[in-house]
Amino acid sequence: MSNTDFLTTDPFAAARAAADYIAGETGVDRHDVALVLGSGWAEAADLIGDTTATLSADEVPGFHAPAVEGHVGTIRSVLTKGGKRALVLGARTHFYEGKGVRAVVHGVRTAAAAGCTTLVLTNGCGGLNESWTPGTPVLIKDHINLTAASPLEGATFVDLTDLYSSRIRGLAREVDSSLDEGVYAQFTGPHYETPAEVQYAKRIGADLVGMSTALEAIAGRHAGMEVFGISLVTNLAAGISPVPLSHQEVIESGQAAGPRISKLLAEIIARL
Ligand code: 8IG
């Protein structure tokens, strides 16, 4: 049986097992805040507090090593400056890995089982607003799930009004009043959009295009967590910019924006 097989029987039991493992290895019985690090956000965890334990993702039940360059394969327990316990998930499973939606949201469910009541989701994405130069952080105010999938199974009806906490977005704007907000559209990837798909996304109300976050946010809300999402625009979406996209550009603009967004995230988390 591989590390992820038991997700196929009961995803909530799998999350419980992972949470118990994390509690045992970190010595922290309950975590308060979960932070999922997306492209460009790897350094951000370093400023939020002191790391008290670091686990390799592939040792934790149901997790596996990340598939993407620019992502770190660790799960860390951090004591924040505000005295909260943060569970920092450096490894996200993407929908395009084909491991199924249960695997995509396993980290979020594990965080909930570990006690987290707040979920902070970060990502790198494409921007549709030309004024968002690469390296601009944008608050997620809502999403459009274009994956044709849901982490919820069966007749599980969950209200997604104000999914992205307006309270926490307000805290973020207290830290930096220049922060813009946008609607994030989750595509399946792993290819980037065509210019026509970007125009489609724009017409249906999206400001940001990416390959993560929406499914995790839904699972987070279902688990009762307050959800906050912040995107790093690492590139203008296809056709918005005259130059083609490259994964290298994504990594470079993430690195360049690192110090600013790390400080921003740390200040937001300190206020939670
Ligand atoms: I970083 O332009 C990053 N991730 N779908 N489109 C999509 N995902 C992305 C993009 C982008 N940039």
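# A chat about burial, a cavity and crossing helices

Guide: Leu87 is buried, at 0% relative accessibility; buried means under 20% relative accessible area, exposed over 50% and partly exposed in between, with a 1.4 Å probe and protein chains only. A word on the source: this is a predicted model, where local features need pLDDT of at least 70, side-chain atom pairs count only at pLDDT 80 or more, and totals for chains, interfaces and linings use all residues. Residues are numbered from 1 along each chain as its sequence is written, and side-chain values use heavy atoms, leaving out hydrogens and water.

Visitor: Thanks! Where does Leu87 lie?

Guide: Leu87 is in strand S4, residues 85-89. Strands (E, at least two residues) and helices (H or I, at least four) are DSSP runs, numbered from the N terminus.

Visitor: And what separates the C-alpha atoms of Leu87 and Val198?

Guide: Those C-alpha atoms are 34 Å apart, and the two residues are 111 residues apart along the chain.

Visitor: How about Ser165, buried or exposed?

Guide: Ser165 has a relative accessible area of 5%, so it counts as buried. Ser165 sits in the loop between S6 and H3.

Visitor: How much space lies in the largest cavity, and which residues are closest to its centre?

Guide: The largest cavity holds about 90 Å³. It is lined by 13 residues, and Ala91, Arg92, Thr93, Val104 and Gly107 are the closest to its centre. A lining residue has an atom within 4 Å of a point.

Visitor: Which helix gives the most to that lining?

Guide: Helix H2, residues 101-113, with five residues.

Visitor: And how do the lining residues divide by type?

Guide: Seven are nonpolar, four polar and two charged. Nonpolar covers Ala, Val, Leu, Ile, Met, Phe, Trp, Tyr, Cys and Pro; charged covers Asp, Glu, Lys and Arg; the others, Gly among them, are polar.

Visitor: Back to H2. How do the axes of H2 and H5 cross?

Guide: They come within 9 Å and cross at roughly 50°. That makes H2 oblique to H5. The crossing is right-handed. Axes are lines fitted to C-alpha atoms over the stretch in contact, and angles run from 0 to 180 degrees between N-to-C directions. Under 35 degrees is roughly parallel, over 145 roughly antiparallel, 65 to 115 roughly perpendicular, and the rest oblique. Right-handed means the near helix is turned clockwise from the far one by less than a right angle, left-handed anticlockwise.

Visitor: What about H1 and H2?

Guide: The axes of H1 (residues 11-26) and H2 come within 8 Å and cross at roughly 55°. H1 and H2 are therefore oblique to each other, and their crossing is right-handed.

Visitor: Last one, on the backbone: what is phi for Thr213?

Guide: Thr213 has a positive phi of about 75° although it is not a glycine. Thr213 is buried, at 0% relative accessibility. Asp162 also has a positive phi, near 55°, but Asp162 is partly exposed at 39%.

Definitions and conventions: 1 Å grid on protein atoms, 1.4 Å probe; cavity = no way out; pocket = protein on both sides within 12 Å on 5 of 7 lines; lining within 4 Å. Points joined across faces, edges and corners; volume = space filled by probe spheres on them.
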